[in-house]
Amino acid sequence: MAEKEVDKKVEKPADKKVDKKVNKRGNNRADKKEEEEEPKPFDVGDKVHVKKTALLPTGFDGQVGKVYENSILIDIDADSVDDSRSEELHDLHGRVIVRFAEAKKIEA
């Protein structure tokens, strides 16, 4: 009988620990959902202009392909890139990721 009592004592604290972990996870998920509800400055499909980046120092126009947490993926408009930079554009496969601060929306 002494063995059963020891098992019961061990099970109760373990159950409490599991409950605490579940509660912490639930709270963390709720916090993340609140953060994600903030509006992003860009939406997929927006036309943007970038003055210059390290990869394309002459600047370019493009369209937002995907929005990340602090940056966007831009599909570069080939006509907006200087002919002298066409090789860099080819190396980038027509796409580049830039920070929100580096891009500005073009009103269409």
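In what order do the five strands of the open sheet stand?

**View 1. The open sheet of the predicted model.** The five strands follow the order S4-S3-S2-S1-S5 with antiparallel pairing, where strands are DSSP runs (E, at least two residues) numbered from the N terminus and two of them pair if DSSP finds at least two bridges between them. Strand S4 (95-99) and S5 stand at the edges with a single partner strand each, so one side of each is left without a neighbour in the sheet. From one strand to the next the twist averages 45°, taken between axes that are lines fitted to C-alpha atoms, with angles running from 0 to 180 degrees between N-to-C directions.

**View 2. The pairing of strands S1 and S2.** Strand S1 (residues 47-50) runs antiparallel to strand S2 (residues 60-67), and four bridges join the pair; Lys47 has Gln63 as its bridge partner in S2.

**View 3. Ser71 in strand S3 (residues 71-76).** Ser71 counts as buried because its relative accessibility is 16%, buried meaning under 20% relative accessible area, exposed over 50% and partly exposed in between (1.4 Å probe, protein chains only). Leaving aside neighbours within four places in sequence, Ser71 is in contact (heavy atoms within 4.5 Å) with Ile97, Val98, Arg99 and Phe100.

**View 4. Ile106 in the segment after strand S5 (103-105).** Ile106, at 35% relative accessibility, counts as partly exposed. Residues up to four places away in sequence not counted, Ile106 touches Lys47, Val48, His49 and Asp61; the C-alpha atoms of Ile106 and Asp61, which lie 45 residues apart along the chain, are separated by 8.8 Å.

**Notes.** Residues are numbered from 1 along each chain as its sequence is written. In this predicted model, local features need pLDDT of at least 70 and side-chain atom pairs count only at pLDDT 80 or more, while totals for chains, interfaces and linings use all residues, and side-chain values use heavy atoms, with hydrogens and water left out.
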